[in-house]
Amino acid sequence: MTTSKTPFNRLLIVSYRLPFTIHQTPEGLSLKQNAGGLVSAVLSMAERLGQPGAPVASKIHWVGHADPALQSVDPAVFENETFVAHPVFLDEAVNKGFYEGFSNDLLWPLFHYFPSYASFRESDFTCYQQANARFLEEVLALIEPGDLVWIHDFQLMLLPNLVREARPDTRIGYFFHIPFPNYEIIKLLPRAWRQQLIQGVLGADVLGFHTPDYVQHFLQSVSEVLALPIIGNRVVFPDRSAVVRDFPISVDFAKFNNSGQEDAVVAMRHGYLSLLRHPKLIFSVDRLDYTKGITSRLQGFERFLHQHPEWRDTVTFVMTVVPSRDNIPQYQEIKREIEETVGRINGLFGSIGWRPVVYLYSSLTFTELLALYTACDVALITPLRDGMNLVCKEFVASREDGRGVLILSELAGAAQELPDALIINPTDTQEVADAIHKALVMTPREQEGRMRKMRDRVQNYSVFRWSHDFLKAFDEMMNNPLELETDLSVPSFVTAFADANRRLMLVDFDGTLAPLVNNPADARPSNALKTVLHGLAEQSDLVVISGRNRVFLEKTFAGIPVYLVAEHGAFLKKPDAPWERLDLSADDWQETVREQMQAYVDRFPGSFVEEKETAIAWHYRMAEAEDIEAQAVELAASLRETNALVPLAVIQGSKVVEVKPAHHSKGTVALAIAEQKPYDFIVSIGDDTTDEDMFRQLPNWAYTLKVGSGTSNARYRLARQRDVETLLTQMSEAITPVTG
Ligand code: GDG
């Protein structure tokens, strides 16, 4: 793994919980860090900074809520060799409304798609604001220039922006550990709350979610709730931008991989296996929560026992539920439901010598957990919704023997990374029953094949990769600012162009080579410009890179030896060669997209649908409705929901909303062309959001020119379309030998 330049001096972590406990030792009270994945990841960052044993100033600072009983403890106790803990003491009533109320009783159920469990209380929101403000006080008390503040999770959604407002120059990261739901769910929040929450997290420079789906959902909410421009994966503000990306969290692979053979774990494993005395063992462990799908998991197991009597007396399901929030009625209710279901299954199927479900309502030690991960034949992990789910990754990492089968819910974020698990829908008890059967009869060879792929994934994307990638995103952002450096110094640019040996020019069509016009069919480069292009194309590789279709481009540039790229990178035509199709995507999505766009044509006279070979576009330059831009945003948002076999990109250009397969773009083609030859001069010019992909993907040293106003990934700006013509003319003159 390469280590990039660290863009900060000290690291300040902020999370609701402090991952420490205060222990009584013979020398007095001392701070002990818990063994969670986040702590391991942060410790590895400490190593990266070369920090252990370093002076106090470079220790990692961790701000989090602590029990008010610790208020009287000497502050020196909150420090060990690596960490300084900064306890935030909250007023009891504020903490109740903030944590139990707004966080656990509203955001948790809502963001896990349980809206009927959500309680909307204004007083809770007030407490949430007050608590976030208290965390801010603590952060401000210790922040220094050059610090990076990394804020975690849904309890602290307002904090990034509070820090941004108080200290605008601070580098701020934010990571969201639970699912980010689609906009229909966010819409259930009162308008002011949703605005503050989204605005709140956008105070960060880098925002991380577990999966690409959550990122898309978040960006959709940003455009719906705040109508902010989004370029690529950045939300753009007038003075800065925020990068939004997926960073799948993981576990410390080596720790789990190595622990299975520790003496204590081996002894415990043997103890369990001799105690259970049944050949097959299924295992699950969860915190008590309605999102975990514990009852439907039991129902799946019950169905399996019904349908497969031959397995009775042979398989035991050890189901551990870790006590949690059981003072809340909903949690008491699911606990009762679980216990009833366990009782029913054991009563129906059990015998004197066999208890089908061994149910434990308690937490396990790490040794017990490892002994069960490594003893079981099947891990049955079936949440109804889970941001990521670390248990399944821990199970996989523990199986150094390469055996064992993972049954995993498709509604856990981890399912996107572990397709070699038996993926099930947790509400489908038949599917669960079938998967249990399939797992129990799976050959060792198949188990090993599946396990090897899953282990490779978890090993390659461990929690260290997660934290490393997150920090790297800051470096990348700092190295690629969105703000344009300067206006172009034309003489030095033209000289560099003329002096180069191998030149590449990538030029957009509409709004760049030709002015924007009401009817796209009327857009034409002038004859003078065509002559200039001809001259340029003879002495450089000139690529016209456009969203237009093949026929239009070929007709417009007939007789000029240019490269043509049509439909945003779907087709490429080299001079004197036939068209190549670069995109080979399925087109199952076209029908529904066409229908939705047609509905907008019916509503907004003057607008029309353009059918391309690989894309469909709704043009509304001629539509007169006053709120047409808002309507376009709405259409784009609903198009983003389209189900398709391939990922789709919904592009909002200048008076056009276009849908195309995501994996080709002007950027991918521009880069591919740029890498074909050892060019020593590259210029790309464009005016539209689709050109941003091109600006972003080309090498840093390329000249990237944005035409017109607005933020951009480009380095330079040309004020108007007609400046392009002037510039190209000067470039052409600089390389044309003077005759006569
Ligand atoms: C949030 C998101 C996301 C559980 N029981 C015992 C025990 N555990 C440990 C497991 C695992 C962790 O707790 C639970 O993993 P989750 O993935 O559910 O993590 P949470 O922090 O609860 O949840 C979740 C996660 O954040 C990370 O971003 O994956 O989706 O909800 O490490 O091993 N450990 C021991 N005894 C137990 O009884 N020792």
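This report walks through the domains, nonpolar cores, ligand site and some individual residues of a predicted model.

## Ground rules

Because the model is predicted, local features need pLDDT of at least 70 and side-chain atom pairs count only at pLDDT 80 or more, while totals for chains, interfaces and linings use all residues. Residues are numbered from 1 along each chain as its sequence is written, and side-chain values use heavy atoms, with hydrogens and water left out.

## Domains

Let us start with the overall layout. The domain assignment divides the protein chain into domain 1 (11-246), domain 2 (253-460), domain 3 (490-583 + 664-735) and domain 4 (590-661); such bounds come from an automatic or database domain assignment. Between the C-alpha centres of domain 2 and domain 4 there are 45 Å.

## Nonpolar cores

A nonpolar core here is a set of buried Ala, Val, Leu, Ile, Met, Phe, Trp, Tyr and Cys residues joined through side-chain atoms within 4.5 Å. Buried means under 20% relative accessible area, exposed over 50%, and partly exposed in between, with a 1.4 Å probe and protein chains only. The largest nonpolar core holds 99 residues, and L202 and F218 have the most contacts inside it. Helix α2 (residues 92-111) is the top contributor to this core, giving nine residues. Helices (H or I, at least four residues) and strands (E, at least two) are DSSP runs, numbered from the N terminus. At least three residues of this core come from each of domain 1 (11-246) and domain 2 (253-460).

What does L202 touch, not counting residues up to four places away in sequence? The list is L207, F218, V222, L226, L228, V235, F237, R240 and A242, where contact means heavy atoms within 4.5 Å. Apart from this core lies another, of 65 residues, with W62, F83, F89 and L370 among them.

## The ligand site

The ligand is surrounded by 19 residues, and the closest are H177, L364, D386, L390 and E394. A residue is near a molecule if one of its heavy atoms lies within 4 Å of it. Several polar contacts (pairs of N or O atoms within 3.5 Å; within protein, one must be able to donate a hydrogen and the other to accept it, and residues adjacent in sequence count only if both atoms are side-chain atoms) are worth a look. The side chain of D386 places an N or O atom 2.5 Å from an oxygen atom of the ligand. Backbone N or O atoms also take part: one of N389 lies 2.9 Å from a ligand oxygen atom, and one of L390 lies 2.7 Å from a ligand oxygen atom.

On its own the ligand has 730 Å² of accessible area, of which the protein covers 74%; these areas come from the Shrake-Rupley method with a 1.4 Å probe, and for residues only the protein chains shown count as cover. The elements giving two or more residues to the shell around the ligand are α12 (366-375) and α13 (390-398), with α12 giving the most, three residues.

E567 is in the loop between β21 (563-566) and β22 (571-573) and counts as buried because its relative accessibility is 0%.

## Around strand β4

H61 belongs to strand β4 (residues 60-65) and is buried, with a relative accessible area of 7%. The side chains of H61 and R10 are joined by a polar contact of 3.4 Å. H61 and A85 are 24 residues apart in sequence, yet 5.9 Å apart in space, C-alpha to C-alpha.

F78 lies in the loop between β4 and β5 (83-88) and, at 5% relative accessibility, counts as buried. Leaving aside neighbours within four places in sequence, F78 is in contact with I22, L31, L70, V73, F83, V84, A85 and P87.

A514 is in the loop between β19 (503-507) and α18 (527-539) and is buried, with a relative accessible area of 0%. Although A514 and V724 are 210 residues apart along the chain, their C-alpha atoms are separated by 9.3 Å.

S732 is part of helix α24 (residues 721-735) and counts as buried at 9% relative accessibility. Beyond its neighbours within four places in sequence, S732 is in contact with V532 and L536.
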